[in-house]
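Got a model here and want to know what backs up the labels on it. Let's go through them one by one.

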Amino acid sequence: MEKRVYLDHGATTMVDPLVVEEMLPFFTQRYGNPSSLHEFGTEAKNALDKARERVMRLINAGLEKELVFTSGGTEADNIAIQGAAFGNMSKGKHIITSVIEHPAVKNTCKHLEKNGFEVTWLPVDQHGLIDMYELAEAIREDTTLISLMFANNEIGTVQDIFAIGALARERGVLFHTDAVQAVGKVEIDVNKLNIDLLSLSAHKMHGPKGIGALYVRKDTKLKPIIFGGGHEWGLRSSTENVPGIVGLGKAADLCRMEMPEETPRLVGLRDRLIRGVLGSGMDEVYLNGHPEKRLPNNAHFRFSYIEGEGLLLLLDAKGIAASTGSACSSTSLEPSAVLTAIGLRHDLAHGSLRCTLGRFTTQDEIDHVIKELPPIVQKLRDMSPVGKGREWFGADDDENDHDHHHELDDEDNNLARE
Ligand code: PLP
């Protein structure tokens with residue numbers, strides 16, 4: 001059988017077998033409800049406490065009450081943003097975010113906008129970074145929350161979270177960061193970085209799907225958006241997903257222990273892939289995102305004169321799984337909002353490829369991709385109706401056209417590039 005290479009860890013990851021092993025007893029033996037007052041319940045409650053401690057250690061959080069388990073990154077983002085917006089209305093109804101946020105943040109902010117809140121959407125430069133001066137200028141008396149992602153899920157750019165946190169603290173504004181793509185890959189200390197609210201998700205860090213957490217700094221005013229039995233200090237009612245939480249805890253622990261070796265290993269493989277692809281002799285191949293301030297596992301390319309969907313299909317036929325910046329999963333032909341926000345022309349945005357590496361990615365696999373990719377790109381260029389000299393209708397010749405597009409469509413087409 002053809003070798004299979006999975007380079008789509010930005011979408012989701014394989015659950016580490018050590019995580020599965022630790023979860024299994026919580027389905028069939030230790031299945032108690034943590035709220036129950038018998039031994040089954042106590043066992044489950046102890047497992048929750050242990051997992052909470054493990055996740056908090058990964059992000060250097062302090063007290064037990066500072067972490068709320070959620071059903072994933074999306075729910076954590078919703079509880080943080082809506083909770084802070086509704087919980088601080090006596091101060092104001094203004095929120096600051098960016099145009100490159102994941103739909104979990106973007107659509108939550110749009111929902112608030114429709115319900116009487118005002119949102120400032122910060123633009124980004126060609127590498128995907130916000131401008132600190134623009135952020136400082138955007139803060140007003142009635143600003144209650146800044147929500148900016150730690151690292152972008154498509155192009156991998158890592159924001160200057162230290163500077164953002166320091167500014168938010170100085171100006172007395174809450175700071176939420178969607179760190180779903182960053183947790184477990186880069187060192188995070190919520191205290192040093194002045195983060196008040198941080199979202200994370202297990203399935204991006206070799207844990208199970210459907211479980212995540214929200215870090216909430218002590219004394220942060222949040223209004224619940226889910227009502228029920230008052231679990232998780234009233235912020236996330238519902239019987240806890242004990243096996244999932246145990247899996248998240250183990251995944252967090254593995255990341256914390258392995259990070260000192262794993263992060264440089266990923267950076268080495270990522271850079272090998274980037275060098276291999278950019279140096280393969282193909283023309284007009286570029287790296288998207290920041291050359292240095294990027295996730296250790298993200299390499300995001302764009303190829304002129306081809307479409308990402310075709311590239312994905314031919315790579316898939318060779319057993320290589322990656323993702324693209326174009327709208328393959330959607331009814332819309334709009335390219336990714338992130339790629340247009342960094343100023344890419346639509347035809348270039350459509351020719352993008354995201355390769356995201358993980359714990360089980362090997363050098364052999366990277367070398368396989370470096371070998372297989374150029375002939376596929378060539379084949380597509382030979383076939384392409386948008387080939388050289390056949391530029392898309394409306395595309396101009398200026399390669400560096402960074403005319404920023406910050407349209408926020410209601411149509412969201414980001415499912416394929418979580
Ligand atoms: N935020 C970012 C940056 C993501 O990449 C994802 C992944 O899809 C999410 C939020 C949503 O996380 P989840 O799938 O756990 O809801």
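Q: Which residues of α3 are buried?
A: This is a predicted model, and in it the buried residues of α3 are G41, A44, A47, L48, A51, R52, R54, V55, M56 and L58. They pack against α1, α2, β2 (67-70), β7 (197-201) and α8 (242-278).

Q: How do you know that the span of helix α3 agrees with 1.5 Å a residue?
A: Helix α3 covers residues 39-58, which is 20 residues, so it should span 28 Å; the C-alpha atoms at its ends are 29 Å apart, and that agrees. After α3 comes N60, with a positive phi near 60°.

Q: What makes L24 partly exposed?
A: Buried would need under 20% relative accessible area and exposed over 50%. L24 comes in at 47%, so partly exposed is the label it gets. L24 sits in the loop between α1 (17-23) and α2 (25-28).

Q: What makes V20, L24 and F27 a nonpolar patch?
A: Patch members need over 30% relative accessible area and no salt bridge, and nonpolar side chains are joined within 5 Å. V20, L24 and F27 form such a patch on the surface, and together they have about 270 Å² of accessible area.

Q: Why is C109 called buried?
A: The cut-off is under 20%, and C109 has a relative accessible area of 0%, so buried it is. C109 is one of the buried residues of α5, along with P103, A104, V105, K106, T108, K110 and L112. Their cover includes α4 (73-87), β3 (94-98), β4 (118-122), β5 (143-147), β6 (174-178) and α10 (337-341).

Q: And what about C255, buried or exposed?
A: C255 has a relative accessible area of 5%, so against the under 20% cut-off it counts as buried.

Q: How many disulfides does the model have?
A: A disulfide takes a pair of cysteine sulfur atoms within 2.5 Å, and by that rule the count is 0.

Q: What length does helix α5 reach, and what is expected?
A: α5 runs over residues 103-114, 12 residues in total, and reaches 16 Å from first C-alpha to last, close to the expected 16 Å. Just past α5, G116 has a positive phi of about 95°.

Q: What does the chain come to as a whole?
A: There are 12 helices and 12 strands, and 59% of the 418 residues are buried. Of the contacts with a separation of 6 or more, 75% are between residues 24 or more positions apart. The accessible surface is about 17600 Å², with 52% of that belonging to carbon and sulfur atoms.

How values were computed
Residues are numbered from 1 along each chain as its sequence is written. This is a predicted model: local features need pLDDT of at least 70, side-chain atom pairs count only at pLDDT 80 or more; totals for chains, interfaces and linings use all residues. Side-chain values use heavy atoms; hydrogens and water are left out. Patches are made of residues with over 30% relative accessible area and no salt bridge: like charges are joined within 9 Å, nonpolar side chains (Val, Leu, Ile, Met, Phe, Trp, Tyr) within 5 Å. Accessible areas come from the Shrake-Rupley method with a 1.4 Å probe; for residues, only the protein chains shown count as cover. A salt bridge is a side-chain nitrogen of Lys or Arg within 4 Å of a carboxyl oxygen of Asp or Glu. Helices (H or I, at least four residues) and strands (E, at least two) are DSSP runs, numbered from the N terminus. Buried means under 20% relative accessible area, exposed over 50%, partly exposed in between (1.4 Å probe, protein chains only). The expected span of a helix is 1.5 Å times one less than its number of residues. Contact means heavy atoms within 4.5 Å.
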